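Please look over the fold shown here, with attention to its core, its helix packing and its loops.

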Amino acid sequence: MTAMTVTGRTSTANHPGGTPALVVVAHGSRDSRAPITVGALLARVRALRPALPVRLGHIELNEPRLPGTLAALEDGDAVLVPLLLSRGYHVKQDIPEMAAAAPARTRVAAPLGPHPLLADALHDRLLEAGWPARAPRGGAVVLASAGSRDPESRTDTARAAALLAGRLGVPVVPAYASAAAPTVPEAVRALTARGHRRVAVASYFTAPGRFATQCAAAAPWIASAPLGVHPAMARLLLRRYDEAVGARTERPGTLPDDGPLAQSDRPAGQAVHLDQTGTRHFHSAAEGPVAPPQHRPVPAFG
């Protein structure tokens, strides 16, 4: 997934501080738990990278709104990382339009999903909800997400379901709270009809809210909590930031804990190393080298 570039004002100079600000773009929610969760997630991001300026902007419903956050940056550099799990209208239209109208020099990163780190987080949330360490007989999972009319959003959610299925070793079916089919109850019924007697709902939401609550209520067995402040969420926000800036903080042959390369980023069953240019290579003893995941950075600011 490739980050997009949007410029509010053309310039070849960096912000005097030298480091573009990370602006986390949240959707906004009427549920009072959502902004609390987002605030806690940003605190975790700041703890991982204390020197990085981290700001918050909402698309709607909550303050601060994204236009105000960008206006406060004046003509500085900023990377906008959507706290969203797939492509769709907000990523393609709302956020770029707000960025283009701002005085700041901005770059819009890719949304968080799909990504193996999210599969890790979903797996952990299911374990917390009571999913057994070994895949249960007759087990299956419905991956519940908000939904979108954008086909690329559904493609991203289907890829996330496939990643989670690889982690769990059971079927995972994507389902939606709105704007797309199947709904969570429909997916549950379909899996039950296929003989799956222990169907869990994995909440593919960044924070608590109406859709997450609605989807969890449809679970016939267990339902996981939203992704929230899981450590993988903070790491992935930083990864998307680094990809958009074009930063390469890791040294050849090293795997930084909070940087863009992590243990869970590699394909299952394969080893990883960095060559002298910092390029990631994945390899299997049985199959030989394979290509790394396609997360191509865009050129750096300046």
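Predicted model: local features only at pLDDT ≥ 70, side-chain atom pairs only at ≥ 80, totals over all residues.

Residues are numbered from 1 along each chain as its sequence is written, and side-chain values use heavy atoms, with hydrogens and water left out.

**Whole chain**
- The protein chain has eight helices and 11 strands, where helices (H or I, at least four residues) and strands (E, at least two) are DSSP runs numbered from the N terminus.
- Of its 302 residues, 52% are buried; buried means under 20% relative accessible area, exposed means over 50%, and partly exposed lies in between (1.4 Å probe, protein chains only).
- Among contacts in the protein chain with a separation of 6 or more, 74% join residues 24 or more positions apart, a contact being heavy atoms within 4.5 Å.
- The accessible surface of the protein chain is about 13400 Å², and carbon and sulfur atoms contribute 54% of that surface; these areas come from the Shrake-Rupley method with a 1.4 Å probe, and for residues only the protein chains shown count as cover.

**Nonpolar cores**
- The largest nonpolar core holds 44 residues, of which Leu22, Leu83, Leu112, Val141, Leu143 and Leu164 touch the most other members; such a core is a set of buried Ala, Val, Leu, Ile, Met, Phe, Trp, Tyr and Cys residues joined through side-chain atoms within 4.5 Å.
- Helix 8 (residues 231–245) supplies the largest share of this core, with nine residues.
- Beyond its neighbours within four places in sequence, leucine 22 is in contact with residues including Val45, Leu52, Val54, Val79, Val81, Leu238 and Tyr241.
- A second, separate core of 17 residues includes Val25, Leu66, Ile95 and Met98.

**Helix 4 against helix 8**
- The axes of helix 4 (residues 116–129) and helix 8 come within 9 Å and cross at roughly 170°, with axes taken as lines fitted to C-alpha atoms, for helices over the stretch in contact, and angles running from 0 to 180 degrees between N-to-C directions.
- That angle makes helix 4 roughly antiparallel to helix 8, a term for angles over 145 degrees, whereas under 35 counts as roughly parallel, 65 to 115 as roughly perpendicular and the rest as oblique.
- Leu117, Leu118 and Ala121 of helix 4 make the contact with Ala232, Met233, Arg235 and Leu236 of helix 8.

**Loop residues and backbone details**
- Tryptophan 221, in the loop between helix 7 (210–217) and helix 8, counts as partly exposed at 28% relative accessibility, and its contacts outside four places in sequence include Trp131, Pro136 and Arg198.
- Alanine 146 lies in the loop between strand 6 (139–145) and helix 5 (151–168), and its C-alpha atom is 8.2 Å from that of alanine 179, 33 residues apart in sequence.
- Alanine 179, in the loop between strand 7 and helix 6, has a positive phi of about 65° although it is not a glycine.
- Glutamate 74 also has a positive phi, of about 55°, without being a glycine, and at 56% relative accessibility glutamate 74 counts as exposed.
- The peptide bond from glutamate 63 to proline 64 is cis, with omega near -5°, and the bond from alanine 181 to proline 182 is cis, with omega near 5°.
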